[in-house]
Amino acid sequence: MAHDIFRDRAGRDCMFVVGTREDAWHKLGQRCESAVNWESAMSLAGLDWQVMKTQNYARNPSGHVVPVSSYSVFRDSDGAELASNVGEGFTLKQNRECFQFVDDLLQDNGGTHYDSAGALGNDATIWCAVRVPRADISVNGEDKSESYLVFTTAHDGSMAHTAALSSVRVVCRNTLRQALSTNTGILRIKHTRNANARFEDAKRTMDGVVMDAKRLEEKLQMLATRKITRESLTAVLDRIFPKPADEKQNTTRRENILTEVLALYESNDRNAFPAIRGTAYNLLNAVTEYTDHYRSARLTDAREGYTVDKARAENAVIGTGERLKTQALEVILESTAGSPVHSTIYSRPVRSGLLDAVVANHAA
C-alpha cells in the first residue's frame, strides 16, 4: 500500500495543518489559522466519508458463485476499495468515531484543538493530531518542545488503532514519540469485536498523559547533564548504525551517515542553545534531525509518485525512522549512564578536527 498523501478527484490534498509552517508535510494540504473541532477537521482533511464491509464471493469448481471467508472494505463517497481481504471479525471504526474517541481521550468534547489530520495512500490510513499544551516539555528551561496526541488507524487492517504522545522540538521541528501509560507501550487497539470496550478502557490512559510527558522531559533533562566522551560516542554510533557484518562489504554509506550525524552534532542547531553543546542530549537531537530531515528513503514500487522528502516524512512519523529515533533515545540513555557530568557551557563550535578524528575512527 502506498502511504502518499491521498488526493481526491478534484486534486485536493486530503489533509489540513494549522498555521503556515512550510516544514509541515512539505506544503501539502489545506491551511487554517487556528485549531478546529473534529467536525471541521474532518471536512478540511477530506475525511467526511464512511467505510462499508461487504462479503467476498468466488466461483467454485462447479461454476456456482458462493460466499468466501473474506470481506472487502469500500469508501461510500466514491465506491473506492480500501481493502480486499479482511476477516469476518474485522470491525470497522468510522472516521467520525475515531475523532470522537480522541475528543473523549482529551475529555473535551467539541473542543477546538485539532492541529492536523489527513489520509495516506488510497485513504485507507488516516491520522489526526491535537495539541496538548499542558504536556509541553522544556529542557534547561529554554529548549521547548510542543506536545501532541497523535491518533492513527487503517481501514484495511494494516494498522491497529494507535495513540501516542509526540513531542515536536520548536527550534527545529524534530519529532520524538513517547508511549502512553499502558503496560504494552504505545496504545494499540485491534479492529475486533471488543474494540469498543478497549476504547472505553483507553480513555483512562489520558489521565496520566502529563505524567508521561514529564517522564520524557526528565529523560531529556538527564541527557542534558551527561557529557559525551569519545568512548560513549563510539558506543552509541556503533549500536545505532552498526558496522556491516561482512568486513569486505562497502562501508561508504555508513561513513556518509556518520559524517552527517556528527556534522549535526557539531552544529548543535547552529548553537541555538550553547548550554547543551557536547551533551548526550545534543547527540540525540543530531540523530533525530538526521532522521527527520536528511536520512535517505527508498522509492519502491509501492511509493510510486513519491518524492524523497515525502518518503522520509512517512518514515519519520510511522515507519523505520520513527523506530530509529525511539531506539536512539534508549541507546543514548543506556550508553551514557556512567558519563561525566556536563558542566561547561561552550560558546563556539567544536573544532572540525574532532569530527574528522571520530569519522576516521569509525572508518577504520
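The following paragraphs lead through the structure from its overall make-up to selected residues and pairs.

The structure is a predicted model, in which local features need pLDDT of at least 70 and side-chain atom pairs count only at pLDDT 80 or more, whereas totals for chains, interfaces and linings use all residues. Residues are numbered from 1 along each chain as its sequence is written, and side-chain values use heavy atoms, with hydrogens and water left out.

The protein chain contains 10 helices and 12 strands; these elements are DSSP runs numbered from the N terminus, with helices being H or I runs of at least four residues and strands being E runs of at least two. Of its 364 residues, 50% count as buried. Here buried means under 20% relative accessible area, exposed means over 50%, and partly exposed lies in between, computed with a 1.4 Å probe on protein chains only. The chain exposes about 17,500 Å², of which carbon and sulfur atoms supply 49%; accessible areas come from the Shrake-Rupley method with a 1.4 Å probe, and for residues only the protein chains shown count as cover. Among contacts (heavy atoms within 4.5 Å) between residues at least 6 apart in sequence, 62% join residues at least 24 apart.

The buried residues of helix 2 are Asn-95, Cys-98, Phe-99, Phe-101, Val-102, Asp-103, Leu-105 and Leu-106.

A search of the whole structure finds zero of them. Cys-98 is accordingly in no disulfide, and the nearest cysteine sulfur, that of Cys-128, is 7.6 Å away. Seen from Cys-128, the closest cysteine sulfur is that of Cys-98, and the separation is too far for a bond. Cys-98 is buried, with a relative accessible area of 1%, and Cys-128 is buried too, at 2%.

Salt bridges come next; each is a side-chain nitrogen of Lys or Arg within 4 Å of a carboxyl oxygen of Asp or Glu. The whole structure holds 12 of them. In one, Arg-75 pairs with Asp-78, and the closest N and O atoms are 2.8 Å apart. Arg-75 counts as buried at 3% relative accessibility, while Asp-78 counts as partly exposed at 33%.

A second salt bridge joins the side chains of Asp-269 and Arg-169, at 2.6 Å from N to O. Asp-269 lies in helix 6 (residues 252-271) and Arg-169 in strand 10 (residues 161-169), so the pair ties together parts that are 100 residues apart in sequence. Asp-269 is buried, with a relative accessible area of 14%, and Arg-169 is buried at 4%.

Helix 4 (residues 209-223) holds both Lys-214 and Glu-217, which are three residues apart and therefore separated by about one helical turn. Their salt bridge has its closest N and O atoms 3.5 Å apart. Lys-214 counts as partly exposed at 31% relative accessibility, and Glu-217 as buried at 18%. Elsewhere, salt bridges that share partners join Asp-143, Arg-169 and Asp-269 into one network.

Two further glutamates illustrate approaches between residues separated in sequence. Glu-218 lies in helix 4 and is exposed, with a relative accessible area of 54%. The C-alpha atoms of Glu-218 and Ser-138 are separated by 9.5 Å, although the residues are 80 apart along the chain. Glu-142 is placed in the loop between strand 8 (137-139) and strand 9 (143-154) and is partly exposed, at 40%. From Glu-142 to Phe-273 the C-alpha distance is 8.0 Å, across 131 residues of sequence.

At 5% relative accessibility, Thr-288 counts as buried. Its side chain reaches the backbone oxygen of Asn-285 at 2.9 Å. Leaving aside neighbours within four places in sequence, Thr-288 is in contact with Asn-174, Leu-176 and Lys-325.

How values were computed: Polar contact = N/O pair within 3.5 Å; in protein donor to acceptor, adjacent residues only side chain to side chain. Disulfide = S-S within 2.5 Å.
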